[in-house]
Amino acid sequence: GNRDHLVPVLAVVEHNGFTGVVTRWIDGPDLGTWARGDAPLAHRLALFRDVMAGLAQAHEANLVHRNLKPVKIRVEEAAPGAPVTAYLEDFLLSRVDLQTDASVTAMGITFGTPQYMSPEQFAGLEVTALADQFGYCIALYEALYGERPFGGTDTASLCTNVLECEVRTPKDPGDVPTRVRKVLLRGLEKDPRERFDDMEMLLEA
């Protein structure tokens, strides 16, 4: 089930006023490292279906990751040559409800990693599960094309390209089907309402 793609929390511990979690150790590389290998397209897409399933499960529980990126996804290979499985980890920036925390927004605080942030995160607007969908599509685009969809030599220029939805044409389109690219572009729409309603719809696309 979808739960299989979220790193299990084994315990919650408190020490000197700080709360931490103990999770199952996933013996494998992060997705960014794995994707730089020579895995065929079918294997890459299958792994991202795992990620989609994990996100869908989290969103059903009203959890938004807010900082989805390849290093937050671990890849486990049961045995050499065996199928790999992806697990999402580190929901430290997630929240229990999908509504904006007015105090955080008012202070202009932005959470996330710029290279994988949605337009609404850059703009300090409401952040919902659709922001995770945007970050997911950036990560998948990168894994398929070897580069991220939005260019930028610094955070300011990157922000401009994301806010203007300037998706660049990949240098090497490779063997990525047109259908997959269309799904990616919809998930990367500037307006969250133009994206897929949820991860299940993206999974079925």
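Student: What covers the buried residues of α6?

Tutor: This is a predicted model, in which local features need pLDDT of at least 70 and side-chain atom pairs count only at pLDDT 80 or more, while totals for chains, interfaces and linings use all residues. Residues are numbered from 1 along each chain as its sequence is written, and side-chain values use heavy atoms, with hydrogens and water left out. Buried means under 20% relative accessible area, exposed over 50%, and partly exposed in between (1.4 Å probe, protein chains only). Helices (H or I, at least four residues) and strands (E, at least two) are DSSP runs, numbered from the N terminus. Contact means heavy atoms within 4.5 Å. Here, the cover over the buried residues of α6 includes α4 and α5.

Student: Which residues of α6 are buried, and why are they said to line one face of the helix?

Tutor: The buried residues in α6 are Leu158, Cys159 and Val162. They line one face because, seen down the helix axis, they fall within an arc of 100°; the arc is that of the directions from the axis to the C-beta atoms. Just after α6, Cys165 takes a positive phi of about 55°.

Student: Which residues touch the most other members of the largest nonpolar core?

Tutor: In soluble globular proteins, nonpolar side chains tend to be buried together. A nonpolar core is a set of buried Ala, Val, Leu, Ile, Met, Phe, Trp, Tyr and Cys residues joined through side-chain atoms within 4.5 Å. The largest one has 41 residues, and Tyr136, Leu144, Leu184 and Leu202 touch the most other members. Elements that each supply at least two residues of this core include α1 (31-35), α2 (41-60), β3 and β4. The largest share, ten residues, comes from α5. Leaving aside neighbours within four places in sequence, Leu184 is in contact with Cys137, Leu140, Tyr141, Leu144 and Tyr145.

Student: How many bridges join β3 to strand β4?

Tutor: Two strands pair if DSSP finds at least two bridges between them. Five bridges join β3 to β4 (residues 84-88), and the two run antiparallel. Within this pairing, Glu77 stands opposite Val84 of β4. Strand β3 (residues 73-77) is mostly covered, with four of its five residues buried.

Student: How many salt bridges does the structure hold?

Tutor: Side chains of opposite charge can pair when their charged atoms come close. A salt bridge is a side-chain nitrogen of Lys or Arg within 4 Å of a carboxyl oxygen of Asp or Glu. The structure holds five. One of them joins Arg195 and Glu120 at 2.8 Å, N to O. This pair links distant parts of the chain, 75 residues apart: Arg195 is in the loop between α7 (178-187) and α8 (199-204), and Glu120 is in helix α4 (residues 119-122).

Student: Is Arg195 buried or exposed, and which backbone oxygen does its side chain reach at 3.2 Å?

Tutor: Arg195 counts as buried because its relative accessible area is 0%; Glu120 is buried too. A polar contact is a pair of N or O atoms within 3.5 Å; within protein, one must be able to donate a hydrogen and the other to accept it, and residues adjacent in sequence count only if both atoms are side-chain atoms. The side chain of Arg195 reaches the backbone oxygen of Lys190 at 3.2 Å, and one of its polar atoms lies 2.8 Å from the backbone oxygen of Glu189.

Student: Is Arg193 buried or exposed?

Tutor: Arg193 counts as exposed because its relative accessibility is 71%. Arg193 forms a salt bridge with Asp191, with the closest N and O atoms 2.9 Å apart.
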